[in-house]
Amino acid sequence: MCTWLREHKPVARIRTFTGDPAWLVCTHELATRVLQDDAFSMSALAEPGGRLQYAPLFPASNRSSVKDMVGAGLRETVMQALSPHAVKEATGAFRRKAEELLDELTAEGPPVDVRARFTQPYTASVMSTVLGLTEDHGRLLMDGFDISIMTVPRSFEGAEANLAKCLARTRARLIAPDAVDAPGLLGALARSRAENGTTPELDEEITLMINNLFVAGGLSTAAFLLLSLLQLATHRDQARWLRAHPEAMEPAVEELLRYSLAIGDGLPRIAVRDTELGGQAVSKGDLVLVLVEGANYDPAVFQDPQELDLTRNAKEHLTFGAGRHYCSATYLARTHASVALSAVLDRMPDLRLAIPPEEINWRTGWIKRTPERLPVLW
């Protein structure tokens, strides 16, 4: 479908889950333009009455990004917690958690479901470490993804209850007397709050931000890691090569980021003025969706894009977006995957699927494209 769209309708008129019209962009050139051109806005998505990709399962105010925290004086604190230096300091903890989980799996013996037993708990632990949450808190937030990140035409009661529960847990931890002693981002924010004073509104903003960061980071990294394990389990010659060449993990992760089909939806933007895109007249207020999979498989940029090649230089992929809203936690995402994949290749040298590939049950109605379960042997 992406191949056909690139050739015949690189900017296609579509209709979203909510019934709103939108433009779907699927070439690398046009996708990059939308993500970098100030004619297309991400912040405008929160404006009332705008066109939607699917029903929001949280208030528009909950869409604030790290960049929106400048007014509260928190951006520097957040960026320090997500910086390469901070992530490098936490890498040992990431590896210990990966080894702990693999100890349990190898002691039990195959087959095991690596989604439930490895990628989910490992990701929850990584995000909890960086954000300064307990592992129990991280698991609660991770479990909430099953409700909060659905792609549906209408909201529903359970989504509101789930959001309220997650926010209440995070706010209670933020205002606890010992929060100033917590590690990671939460501790830094609690100390800033104690030193500079706070208001109920600021506490709400901080709570929302911590939850947003956990969702944005945990959701994407868990889905990507699971699909990476699927690719290594089904491209076993390349997995063996990577195990023999651990120094090649960095470019291998870039290729897996390109090749992965985890995103599942389009990156949304709103046109803030009348413009032209790929020969189509785009009006102010139009919803534009960037199909990252289309861009990442564009043969104009990547030779033989349907082939997984762990030696490829794939740094032009758009999995992390581009422009002003390029993902601010890319180093964390890459480190999260590199540590886990290295540990799995070391401990499970003959990783392979425990079921035929065609029997994998893929999750539907969700913002990410992932298997419900991924049973493996090794």
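Mentor: Let us start with the second largest cavity of this predicted model, which has a volume of about 50 Å³.

Trainee: What makes this space a cavity rather than a pocket?

Mentor: A cavity is a set of points where a 1.4 Å probe fits but cannot get out, whereas a pocket is an open set, so the word cavity says that the probe cannot leave. The residues that line the second largest cavity are L232, R236, A239, R240, L345, M348, P349, D350 and L351, and helix α10 (residues 236–244) gives the most to this lining, with 3 residues.

Trainee: How do you know which classes line the second largest cavity?

Mentor: Leu, Ala, Met and Pro count as nonpolar, while Arg and Asp count as charged, and on that basis the lining of the second largest cavity has 6 nonpolar, no polar and 3 charged residues.

Trainee: How many cavities does a search of the whole structure find, and how much space lies in the largest cavity?

Mentor: The search finds 3 cavities of 30 Å³ or more, and the largest cavity holds about 90 Å³ of space. Its lining is made up of 13 residues, with R115, Q120, A222, A223 and W366 nearest the centre. The elements giving two or more residues to that lining are α5, α6 (135–148) and α9 (200–234), and α9 supplies the largest share, 5 residues. By class, the lining of the largest cavity divides into 7 nonpolar, 4 polar and 2 charged residues.

Trainee: Turning to the helices, why is α4 called roughly antiparallel to α5?

Mentor: The axes of helix α4 (residues 84–108) and helix α5 (residues 114–131) come within 10 Å and cross at roughly 155°. Angles over 145 degrees count as roughly antiparallel, and therefore α4 is roughly antiparallel to α5. The crossing of α4 and α5 is right-handed.

Trainee: Which residues of α4 and α5 meet, and what classes are present in the contact?

Mentor: Contact means heavy atoms within 4.5 Å, and on the α4 side the residues in contact include A90, F94, L101 and E108, while those on the α5 side include R117, F118, Y122 and V130. By class, the contact of α4 with α5 has 12 nonpolar, 2 polar and 3 charged residues.

How values were computed: Residues numbered from 1 in each chain as written. Predicted model: local features only at pLDDT ≥ 70, side-chain atom pairs only at ≥ 80, totals over all residues. Heavy atoms only, no water. Axes fitted to C-alpha atoms, helices over the stretch in contact; angles between N-to-C directions. Helix = DSSP H or I, 4+ residues; strand = E, 2+ residues; numbered from the N terminus. Parallel < 35°, antiparallel > 145°, perpendicular 65-115°, else oblique. Left-handed = near helix turned anticlockwise from the far one by under 90°. 1 Å grid on protein atoms, 1.4 Å probe; cavity = no way out; pocket = protein on both sides within 12 Å on 5 of 7 lines; lining within 4 Å. Points joined across faces, edges and corners; volume = space filled by probe spheres on them.
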